[in-house]
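Please look through the sequence and the model below before reading on. The paragraphs that follow go from charged pairs to packed helices and then to a strand.

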Amino acid sequence: MKTVIVFNHPYEGSFCNAILEAVQSGLHRSGHTTDLIHLDADGFDPVMRAKDLQAFVKAGKGEPVDDLLDPAILHYRQKLRAADHLVFIFPIWWELMPAMTKGFIDKVIFPGVAYTHDGPYRMAPAFTGIKSVTLITTMNTPSLMYRLLFGNAVKKALMTGTFWKTGYKNRKWISLNMVKFRSDEKRRKWLQQIEQRFARTA
């Protein structure tokens with residue numbers, strides 16, 4: 001089984017990097033192979049430029065678009081086509097995902113590439129090998145405040161607005177809250193739980 005991990009954090013000493021190591025360790029224990037898309041290390045350009053929007057429109061009409069896309073996008077697309085599971089790891093900044101994660105969604109989740117239209121109001125997944133999508137986020141906002149005051153913005157944008165809408169099932173969100181206020185012991189426990197969880201991944 002192959003798990004593609006989309007990672008976005010610019011600081012190597014971040015807690016997100018520790019989460020990445022725990023996820024990879026657990027997956028390797030379960031016999032998975034992992035394929036890392038490290039957006040920061042890749043210098044990924046998240047901006048949806050005119051040629052990207054042109055490609056999006058043409059892809060929706062079933063027209064070829066590879067000549068319009070950056071080589072990085074073509075490379076990411078091939079990785080996702082080979083994936084059995086997809087994992088995102090990133091911090092929540094100002095209640096949403098960082099720019100590179102948003103840009104990845106804008107520039108990779110294309111009609112005819114990541115999904116197809118199954119009737120006028122329905123979509124179906126086109127990365128047909130992907131059996132689950134897991135989101136792991138860190139934030140310093142209390143969980144209750146994030147849900148009630150900010151409306152679970154990331155859940156609405158990614159889990160519902162992107163992957164539910166395009167037909168991907170088995171969506172999970174692991175939200176780690178108030179991270180900078182937690183003890184080292186609590187953080188270690190989180191990492192152990194994450195590693196054990198991914199070690200049980202089928």
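Which side chain meets that of Arg 29 in a salt bridge? In this predicted model, the partner of Arg 29 is Glu 195, with 3.2 Å from N to O. Arg 29 belongs to helix H1 (residues 15–29) and Glu 195 to helix H8 (residues 184–199), so the pair ties together parts that are 166 residues apart in sequence. Arg 29 has a relative accessibility of 54% and therefore counts as exposed, since the cut-off for exposed is over 50%. Glu 195, at 23% relative accessibility, counts as partly exposed.

The count of salt bridges in the model comes to 10. Another of them joins Asp 35 and Lys 79, whose closest N and O atoms are 2.6 Å apart. Asp 35 lies in strand E2 (residues 33–38) and Lys 79 in helix H4 (residues 71–81), so this pair ties together parts that are 44 residues apart in sequence. Are these two residues buried or exposed? Both Asp 35 and Lys 79 are buried. For Lys 79 the relative accessible area is 13%, and buried means under 20%. Leaving aside residues up to four places away in sequence, Lys 79 touches Val 4, Asp 35, Leu 36 and Ile 37.

A further salt bridge is formed by the side chains of Lys 107 and Asp 70, at 3.8 Å from N to O. Lys 107 is in helix H5 (residues 99–108), while Asp 70 is in the loop between helix H3 (50–60) and H4, so the pair ties together parts that are 37 residues apart in sequence. Lys 107 counts as buried, with 2% relative accessibility, whereas Asp 70 is partly exposed, with a relative accessible area of 23%. These two residues also belong to a network of salt bridges that links Lys 51, Asp 52, Asp 70 and Lys 107.

H4 and H5 pack with their axes 11 Å apart, at an angle of about 80°. The two helices are therefore roughly perpendicular to each other, a term used for angles of 65 to 115 degrees. Which residues meet where H4 and H5 pack? From H4 come Ile 73, Tyr 76 and Leu 80, and from H5 come Phe 104, Lys 107 and Val 108. Sorted by class, the contact of H4 with H5 has five nonpolar residues, no polar residues and one charged residue.

Where do its neighbours in the pairing lie? Strand E3 (residues 85–91) pairs with E6 in the parallel sense over seven bridges, and strand E7 (residues 171–176) pairs with E6 in the parallel sense over six bridges. Val 133 of E6 can be traced in both pairings: Val 133 is the bridge partner of Leu 86, and in E7 the bridge partner of Val 133 is Arg 171.

In a regular strand the side chains alternate between the two faces of the sheet. In E6, Ser 132, Thr 134, Ile 136 and Thr 138 point one way, and Val 133, Leu 135 and Thr 137 point the other way. Residues pointing in either direction are buried. Seven of the seven residues of E6 (residues 132–138) are buried, so the strand is largely enclosed by the rest of the structure.

Definitions and conventions
Residues numbered from 1 in each chain as written. Predicted model: local features only at pLDDT ≥ 70, side-chain atom pairs only at ≥ 80, totals over all residues. Heavy atoms only, no water. Buried < 20%, exposed > 50% of the residue type's maximum accessible area, 1.4 Å probe, protein only. Helix = DSSP H or I, 4+ residues; strand = E, 2+ residues; numbered from the N terminus. Pairing = 2+ DSSP bridges. Salt bridge = Lys/Arg side-chain N within 4 Å of Asp/Glu carboxyl O. Axes fitted to C-alpha atoms, helices over the stretch in contact; angles between N-to-C directions. Parallel < 35°, antiparallel > 145°, perpendicular 65-115°, else oblique. Contact = heavy atoms within 4.5 Å. Nonpolar A, V, L, I, M, F, W, Y, C, P; charged D, E, K, R; others polar.
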